[in-house]
Amino acid sequence: MSGHPGAVEVAAGPVGEFPAGTVRLVLASGRRVAVGNAGGELFALDDTCLHRGGSLACGHLDGQVLVCPQHWWRYDVRTGRRLGQPGLRLGRYPVRVVDGEVRVTVPPAPPPRSWRELLLEHAREGIPARGGDR
């Protein structure tokens, strides 16, 4: 189990449902987690792409690289780092197999962001707020 307080271990499914090259979405402790098998190595990463929030569980594996289906951002499944921008990293979670079942340990999800936080983020990105179009 992870050293994070409140971490929980959840069942992702039988190991037979994770053949090499597959990725599936698992809902765990309020998080969306992409769980997959990259060439025999099981992994678990945050499901949400850091670019525009695409579901990585809907992406495809190219060796040890998970590719977002929306804009082709690529992540190393061993580290969670975005290729070409190693400062950007997805959350990565421990995976183990117990009695033929894939299990993932995740910390609890962070609290939802307020409208204020969301609007400030959009302002910093230069995206105009909707609703006041003139």
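This is a predicted model: local features need pLDDT of at least 70, side-chain atom pairs count only at pLDDT 80 or more; totals for chains, interfaces and linings use all residues.
Two strands pair with E11. One is strand E1, residues 8-14, which runs antiparallel to E11 and is joined to it over 6 bridges. Within this pairing, Ala-11 stands opposite Arg-103. The other is strand E10, residues 95-98, which also pairs with E11 in the antiparallel sense, over 4 bridges. Here Val-95 has Val-104 as its bridge partner.

E10 and E11 together form a hairpin, with 2 residues between the two strands. Asp-99 sits in this turn, in the loop between E10 and E11. Its phi is near 50 degrees, which is a positive value in a residue other than glycine. Such a value is worth noting because most residues other than glycine have a negative phi. Asp-99 also counts as exposed, because its relative accessibility is 81% and the cut-off for exposed is over 50%.

Trp-72 has a positive phi as well, of about 65 degrees, although it is not a glycine. This residue is placed in the loop between strand E6 (65-67) and strand E7 (74-76). With a relative accessible area of 55%, Trp-72 is exposed.

Strand E7, at the end of that loop, holds Asp-76. Is Asp-76 buried or exposed? At 12% relative accessibility it counts as buried, since the cut-off for buried is under 20%. Leaving aside neighbours within four places in sequence, Asp-76 is in contact with Gln-64, Arg-81 and Leu-83.

Back in strand E1, Gly-13 is one of the residues of that strand. Gly-13 is buried, with a relative accessible area of 10%. Not counting residues up to four places away in sequence, Gly-13 touches Phe-18, Arg-24, Glu-101 and Val-102. The C-alpha atoms of Gly-13 and Val-104 are separated by 10.0 Å, while the two residues are 91 residues apart along the chain.

Next come the nonpolar cores. The largest has 15 residues, and the members that touch the most other members are Val-23, Phe-43, Leu-56, Leu-61, Leu-66 and Val-77. Two elements give two or more residues to this core: strand E3 (31-38) and strand E4 (41-46). Val-23 shows how separate parts of the chain come together. Apart from neighbours within four places in sequence, its contacts are Ala-34, Val-35, Gly-36, Phe-43, Leu-56, Ala-57, Leu-61 and Leu-66. Another core lies apart from the largest one and has 12 residues, including Val-10, Phe-18, Val-33 and Ala-44.

What is its volume? The value is about 210 Å³. The pocket is lined by Gly-30, Arg-31, Arg-32, Asp-46, Asp-47, Thr-48, Cys-49, Leu-50, Ala-109 and Pro-110. Sorted by class, this lining has 4 nonpolar, 2 polar and 4 charged residues.

Notes
Residues are numbered from 1 along each chain as its sequence is written. Side-chain values use heavy atoms; hydrogens and water are left out. Two strands pair if DSSP finds at least two bridges between them. A nonpolar core is a set of buried Ala, Val, Leu, Ile, Met, Phe, Trp, Tyr and Cys residues joined through side-chain atoms within 4.5 Å. Buried means under 20% relative accessible area, exposed over 50%, partly exposed in between (1.4 Å probe, protein chains only). Contact means heavy atoms within 4.5 Å. On a 1 Å grid over the protein atoms alone, a cavity is a set of points where a 1.4 Å probe fits but cannot get out, and a pocket is an open set with protein on both sides within 12 Å along at least five of seven lines; lining residues have an atom within 4 Å of a point. Grid points are joined across faces, edges and corners, and a volume is the space filled by probe spheres set on the points. Ala, Val, Leu, Ile, Met, Phe, Trp, Tyr, Cys and Pro count as nonpolar, Asp, Glu, Lys and Arg as charged, and the others, Gly among them, as polar.
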